[in-house]
Every structure is written in C-alpha cells, then in structure tokens.
Amino acid sequence: MEEFLQQFINGLTVGGIYALIALGYTMVYGVLKLINFAHGDLFTIGAYLGFTLLTSFGLADKIGPFAAIAVLALMVMGLVAVIGIVLERAAYRPLRNSPRLSAVVSALGASIFFQNAVMLIYGARFHVYPQNLLPKIALNVFGLYVPFVKILVLVASVAMMVGLYVFIQRTTIGAAIRAAAIDQGAAKLVGIDVNGVITLVFVIGPALGGLAGLMVGLLYGQIKFTMGWLYGLKAFTAAILGGIGNIPGAMLGGLILGVVEALGSAYISIAWKDAIAFCVLILILIVRPTGLLGERVAEKV
Amino acid sequence: MTINRKKLYLIAVPILAIAPLVLNPYWTDVLNIVGLYALLGLSLNLIVGHAGLFNLGHAAFYAVGAYTAAILNTVFHIPILWLIPVSGFAAGLFALVIARPIIHLRGDYLCIVTIGVGEIVRIALVNDIFGITGGANGIFGISRPHLFGFVLRSPAHFYYYIWVFVFVTIFLFIRLENSRVGRALNYLREDEVAAESCGINIAHYKLVSFVIGAFWAGMVGNIFASKMTIISPESFSFWESVIMFTLVILGGAGSIEGVLLGAFLIIGLPEIFRGLADARMLFFGAAMIVMMIFRPEGLIPAGKRQYHIDMDRSQGESE
C-alpha cells in the first residue's frame, strides 16, 4: 500500500507537468484546430532558458532559493511566450487558410528547427541543473516521505491550472477565447479581436510549457535537447485523452496519464512504460472516440 | 494530364536508367534511398493523400514487413524474394487488426493513435517481444536477394531492383487511382457525407486504403531488410514516419508525381545542406516551413480528376 501511494504521488507530479504542457496543445487546438507539434520544443527551450538564467545570475545566493525560483519562473514564462508569438507569426499565420495538413508539416518543420537551434546553442550533451538549490528535505505527508521539490512542482502546477481555469471561465477575455474556439466568424461579428485571441493563446500555452520545462529541470536535474518530443508526445496524448480543445480535459488527461504511467512502470514493467501509456489511450479512444471529456461533435451534414 | 504524365515518364525513365552508370556508388546509394522513400511515400499517399486519413505511424507497417522478412529468412532460411508477399501480408494483416476499431476516429484522434501504434511497435521491438526480434541490436545476417542464381550485391544492383519496383508501383497505383476504389476514395476525400449518401461505404474504403498502404510498406520493409542485411528498431522510429508524412504533403497529397519529387527533396535537401554540417537540420526545418507557406498544396498538387465521356462511340464499347 505504501509503495502504491508513493507511486501515485510520483504519477501525480509527472502528470501535473504533462497537464501543463497539454494545456498549450489543447488551447491552440481549440482556437486554431492545429496540432502545434513545436510545443514540445518550446518546453525544452523553457528548460534550457531556466538553466541559463539559473547559472548565470546567481540569483539564489542573492535573494534566497524561493524568491529566485519565482523570479526565474516569471522570466522563463515571459521569454518562452515571446518565442511562441514569433512562432505563430512566422510559421502558422501565413497558413491559416491553407489545407490543414500543410500547417501540420509547418509545425513539424518548426519543431525540427527549434530542436536543432537548442542543440547548436547548447551542444548535444546533457546539462545538469545546479543541485542544492532547494532544501533537500522530505516532508511527511500522512506517513509518506515526499521530497520537497515534488510537492513544489505539484502545488505549482495545480495552482497554474486552477488559475487558468478561473481566467477562462470568469473573465471577459476568457469568454472571448471560448467564443473564438466555438466559432471564429461569429466571434468576429460580435467584435472579438480573433487575431488578438490567437496571440494570447500563443502567450499562455508556451508560457505554461516553458514553466513545465523549468519544473522538469528542477525535478530531475538533467535536461537534453531531444527531451521535448517525448514530453510533447505524452502531453499531446494527455490532451487527446481528455478530449482535445477541452481545458479541464487536458488537466484530467495529464494527471491520469502520469498516474497510469507511474503505476504501470512500478507494477508491470518499466521498459514498457511508454507503450502502456499509448495502450491506455487507444483503449479509451475505442470506447470514447472523442476523449474523456470531449463533447460529442455532431457530424456535419 | 495524361499526356503530361507520359512525357514526364518518357524523360525521367531513361535518365534514371542510365544514372548508376555515370554516378559513383555513394550517389547511387543516395538514389536507392530516394527510391525506398518514394515507395514508402506512394504507399502512405494512398492513406493520407487519397483517403485523407491522418497517419503519422506508417513506420510501424514498414517495420512489421522488415521484421517478418528478417525473422523468416534468418530462422527458416526462406529466400528473401519469396518473402516479399509474405511481408506485405503480415503488414496488411497488422494494419487490418489495428485499424478496424479505430478507423472511425476523427482526424487528430487518429493521428495520435497511429503515432501511438508506431511507438508501441518500436518499444515492442526494443524489448525483444516473443524473444524473436533481437532487442535493441536487431537482426543481422539477412541474406541478399537471389534472382535466377544472380546475387544482388552492389548499390547499382539494388538501384535497378528498387527502381523497377518503384515504376511497377507507379503503374499499379495509377491503375488503382482510376479504378472503382480510387474514384470512391477521391469522392470520400472531397466530401465524406456526400460520398456516404451516394452509397459509398466510407469505413470500408478507408480500411481498404489503409490496408493496401500498409501492405505496400511491408513489401518495402522486405527490400530494406535485404538491402541492409541488418535491421534494428531505430530504423523505424517516429522520425521515419515524420519523413514519410512530410514528403507526401510537401510533394502534393494525392499526387503520384508530387510524392516522387517529395522523396527526392526530402533525401536530397539534407545531402545538399551537408556543407552546413551541424546546422543542416536547422535549415531543413526552416525549409519545410517556407515551402509550406509558398506552396501550401504541395509542389505538384493533385489535379482535378477529369473523365472523358465519348458520346460518338457505340454504347457497348468500353472506353
């Protein structure tokens, strides 16, 4: 039982990270009906920017580890958001009225571009985040010892998700995003700046993805330029699992995927970890073809 | 369109026929790889271009064909050429089993499922499923093709083997395009609902195109296995599926000539950018974006189908 709970918490932590990345996929898909294959690489860029900022300024010594991480997170989110806006302008906006598969190839091209740009700048080797940044303590949660960094990641990702959910559901700008996702033409007619909404989506999604990159750096300590595609693929799986275009679905999908993976690798086989995740996805899609929370879309007639 | 096509092949075939006589073995082998990707692209084109199914896991069927050939050849010593249809059947059967329950999924859902299938196959191969795939090292010692006592060995031998296969495929696929199945697929891609209301069983035709595409990829897997004599899971990664998908869309989905051009570009561009050393994939990625922006329909878009009805002919005579 104790091992089960331990694995469950591990799964929730990773799942929180998947969910943060999945939000970027699902928001972009919701508004543009485009799978942003470069999103996983924005996540990698977040991890590497976090590494650079962390090692070059020595913020942790000046203002303490917690303030340093908070400042760092804001900087990473801001920078990755700028890259996200540039990506949308350069690679997606010119293709908005083209066949959908062309935009997918453009996204794949952007992914290759970013991945190789990171490799050329930082080199192909692993990079190691500074250790001893966070206090190496484990907290006692109901008799389980959970490392502090995991709690931090879990709390931060849940806070981000709740914040985003409230933003989307309760604010006027959130309503505009929802309107643009349902029908762009009608949204324009009632005076919503759809281009502005799309830009905003490319601010929020990449910012969350970049934050997830920073979290992975802090959690595992090791980053590599190719890591984006596996995390991206998992997060995309999570988004589909929950029903793509659906924001709570992405959160739920991420957490479920993380837990299934952690339990699967603990009780079945670690070598089959990724295969288990995809098998669960396929089984769920056979039963529910539009994902767990995806609404039944009427076929156009 | 047909005249154009005839001229194109009248020019292209002789040039390709003498190419290995003037090229050195390195470039001949590059053309061999172009040929293999052209075949894979043509098979994927049936699924993506004709049926409009979003398949980003085509490498899985390629892998099934290659491993079927490799295992039957190394364990039972069956000549590799005899195994070409067997590889095709294995891949086609696998596609049928996989696709049957998921063929009705909407575009992007199908995309992630095919990616997932591709990954599951790769992971299964790495983990030495059933103890027959050789794990991460793969299978080696696959025999060369024997043709009437002649062993295909050098790049030039394989060149003719692969490119004859390419042109046979092109011929068959042009026939397929204009067959009942091909016309049904064309209709289905243009408008699913209208096609269904005209009595076209869309799930059936989608499945047919998926299985034929997989069958062909399986046969190409056999050729690949006999060419390399050693295969390992890394030859069938997600990246391979991305290359196949990209060359189809870049060349022009649904267009046979487009796919051929796409294969030349996808394999050729990184060769041309080789002078840029480490930065070549950076330029390749940028080139993909730029080409899509300027030619969103692909370099050679599929033309509109035109069927000529000859009113003067007597009714009994077929066109």
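Asp29(B) is partly exposed, with a relative accessible area of 25%. This value comes from a predicted model, as do the others in this report. The side chain of Asp29(B) forms a salt bridge with that of Lys227(B), at 3.3 Å from N to O. The two partners belong to distant parts of the chain: Asp29(B) sits in helix H2 of chain B and Lys227(B) in helix H9 of chain B, 198 residues apart.

Is Lys227(B) buried or exposed? Lys227(B) has a relative accessibility of 11% and counts as buried, because the cut-off for buried is under 20%. Asp29(B), at 25%, falls in the partly exposed class.

## A salt-bridge network in chain A

Which residues of chain A are joined into one network by salt bridges that share partners? They are Glu88(A), Arg93(A) and Arg96(A). Glu88(A) meets Arg93(A) in a salt bridge of 3.1 Å, N to O. Glu88(A) also meets Arg96(A), in a salt bridge of 2.7 Å, N to O.

Glu88(A) is buried, at 1% relative accessibility. Arg93(A) counts as partly exposed at 23%, and Arg96(A) is partly exposed with a relative accessible area of 27%. Over all chains, the count comes to eight salt bridges.

## The interface of chain A and chain B

The contact between the chains involves 47 residues from chain A and 43 residues from chain B. About 3800 Å² of area is buried between chain A and chain B, and carbon and sulfur atoms give 81% of this area. How many salt bridges cross the interface of chain A and chain B? The rule finds zero. Polar contacts do occur between the two chains, with a count of two residue pairs, both at pLDDT 80 or more.

On the side of chain A that touches chain B, the elements giving two or more residues are helix H4 (65–92), helix H5 (100–122), helix H10 (227–242) and helix H12 (273–287) of chain A. H5(A) gives the most to this side, with 15 residues. By residue class, the side of chain A that touches chain B divides into 35 nonpolar, nine polar and three charged residues.

## The largest nonpolar core

The largest nonpolar core has 206 residues. Those that touch the most other members are Ile17(A), Leu23(A), Phe37(A), Leu87(A), Ile231(B) and Phe245(B). Helix H9 (residues 194–220) of chain A gives the most to this core, with 15 residues.

Ile17(A) is one of the residues that touch the most other core members. Leaving aside residues up to four places away in sequence, Ile17(A) touches Val153(A), Ala212(A), Met215(A), Val216(A), Leu219(A) and Tyr231(A).

## A buried asparagine in a loop of chain B

Asn55(B) lies in the loop between helix H2 (25–50) and helix H3 (59–76) of chain B. Is Asn55(B) buried or exposed? Asn55(B) has a relative accessible area of 0%, so it is buried.

The side chain of Asn55(B) makes a polar contact of 3.4 Å with the side chain of His58(B). Beyond residues up to four places away in sequence, Asn55(B) touches Leu44(B), Ile47(B), Val48(B), Phe61(B), Thr114(B), Phe210(B) and Phe245(B).

## Two loop residues with positive phi

His77(B) is found in the loop between H3 and helix H4 (83–102) of chain B. His77(B) is not a glycine, yet has a positive phi of about 55°. With a relative accessible area of 62%, His77(B) is exposed, because the cut-off for exposed is over 50%.

Thr229(B) is also not a glycine and has a positive phi, of about 60°. Thr229(B) lies in the loop between helix H9 (202–228) and strand S4 (230–231) of chain B.

## Leu176(B) in helix H6

Leu176(B) is part of helix H6 (residues 155–177) of chain B. What does Leu176(B) touch, not counting residues up to four places away in sequence? The residues are Leu46(B), Gly182(B) and Ile212(B). Leu176(B) and Leu93(B) are 83 residues apart along the chain, and their C-alpha atoms are separated by 20 Å.

How values were computed
Residues numbered from 1 in each chain as written. Chains lettered and ligands numbered in written order. Predicted model: local features only at pLDDT ≥ 70, side-chain atom pairs only at ≥ 80, totals over all residues. Heavy atoms only, no water. Contact = heavy atoms within 4.5 Å. Buried area = accessible area lost by both parts, 1.4 Å probe. Salt bridge = Lys/Arg side-chain N within 4 Å of Asp/Glu carboxyl O. Polar contact = N/O pair within 3.5 Å; in protein donor to acceptor, adjacent residues only side chain to side chain. Helix = DSSP H or I, 4+ residues; strand = E, 2+ residues; numbered from the N terminus. Nonpolar A, V, L, I, M, F, W, Y, C, P; charged D, E, K, R; others polar. Core = buried A, V, L, I, M, F, W, Y, C linked by side-chain atoms within 4.5 Å. Buried < 20%, exposed > 50% of the residue type's maximum accessible area, 1.4 Å probe, protein only.
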